[in-house]
Amino acid sequence: MGLAAGFFTANATTFVKKLGMLHEPETRIIFYLVLVGAICGLIGTFLTGGFHPWSVKGALYILGLCICATGGQFCLTRAFSRGNLVLSSSLQYTVILFSTILGEILFLEPATFPVICGMLIIVFSGLMSSYFVRRENKFLKEKAKTSQSKTA
């Protein structure tokens, strides 16, 4: 399941970047992402026994989840469609870092040594990708300046 999730996430990210390059509005991109997600969710719901009764408390949790997820999806879509894909992708994995910290605080789940090593790898990868993206952008700007001065 993890490999399938990674595969489909990579495909979705690539399509969001291509749609952003075509100047599609974020709202349209998110609409179709939500539509496909809702269809897949409904299929999964019916394959696992259908809907179950819910309480008001559960509905409020789901409402809060939907509001936060929509805001997060807008931010991710903007980052992937307008920003640097490599940097945005690597920084997206910081969700593992934050979920581990929240698990430690809220649910008293101990962070084991392999988990801490994984979080350090994620942070290091994000920092390195940021460094290399900045270095590449600086190189491209200098190259553009030199080509403009040669033509002038």
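The legends below describe an overall view and several close-up views of a predicted model.

In this predicted model, local features need pLDDT of at least 70, side-chain atom pairs count only at pLDDT 80 or more, and totals for chains, interfaces and linings use all residues. Residues are numbered from 1 along each chain as its sequence is written, and side-chain values use heavy atoms, with hydrogens and water left out.

**Figure 1. Overall view of the helical protein, with 6 helices and 0 strands.**
Helices (H or I, at least four residues) and strands (E, at least two) are DSSP runs numbered from the N terminus, and along the sequence they give the pattern α-α-α-α-α-α. The radius of gyration, taken over C-alpha atoms, is 20 Å, well over the 15 Å that the globule rule gives for 152 residues, so the protein is more spread out than a compact globule; that rule is 2.2 Å times the number of residues to the power 0.38. The C-alpha trace spans about 70 × 40 × 25 Å along its principal axes. The accessible surface, from the Shrake-Rupley method with a 1.4 Å probe and, for residues, with only the protein chains shown as cover, comes to about 12100 Å², and 74% of this belongs to carbon and sulfur atoms.

**Figure 2. Confidence in helix 2 and helix 4.**
The pLDDT, which is the predictor's confidence in each residue on a scale from 0 to 100, has a mean of 83 in the protein, with 97% of the residues reaching 70 or more. Confidence is highest in helix 2 (residues 26–47), at a mean of 89, and lowest in helix 4 (residues 85–92), at 71.

**Figure 3. Thr-77 and Glu-26, two residues in contact.**
Thr-77 is found in helix 3 (residues 56–82), whereas Glu-26 lies in helix 2. Contact means heavy atoms within 4.5 Å, and, leaving aside residues up to four places away in sequence, Thr-77 touches Val-16, Glu-26, Ile-29, Ile-30 and Leu-33. With its neighbours within four places likewise set aside, Glu-26 is in contact with Thr-77, Arg-78, Ser-81 and Arg-82. As context for this view, 15% of the 152 residues of the protein count as buried, and, among contacts between residues at least 6 apart in sequence, 67% join residues at least 24 apart.

**Figure 4. Aromatic pairs, of which the whole structure holds 4.**
Rings of Phe, Tyr and Trp (its six-membered ring) pair if their centres lie within 6.5 Å, and planes under 30 degrees apart count as stacked, over 60 as edge-to-face and the rest as tilted. The rings of Phe-7 and Phe-8 have centres 5.2 Å apart and planes at 70 degrees, so this pair is edge-to-face; Phe-8 is exposed, with a relative accessible area of 55%. The rings of Tyr-131 and Phe-132 have centres 5.2 Å apart and planes at 65 degrees, and this pair is therefore also edge-to-face. Tyr-131 is partly exposed at 43% relative accessibility, and Phe-132 is partly exposed at 41%.

**Figure 5. Cysteine residues in a structure with 0 disulfides.**
A disulfide is a pair of cysteine sulfur atoms within 2.5 Å. Cys-40 is in no disulfide, and the nearest cysteine sulfur, that of Cys-66, is 16 Å away. The sulfur of Cys-68 is 9.5 Å from its closest cysteine sulfur, in Cys-66, which is too far for a bond; Cys-68 is exposed, at a relative accessible area of 59%.

Definitions and conventions
Buried < 20%, exposed > 50% of the residue type's maximum accessible area, 1.4 Å probe, protein only.
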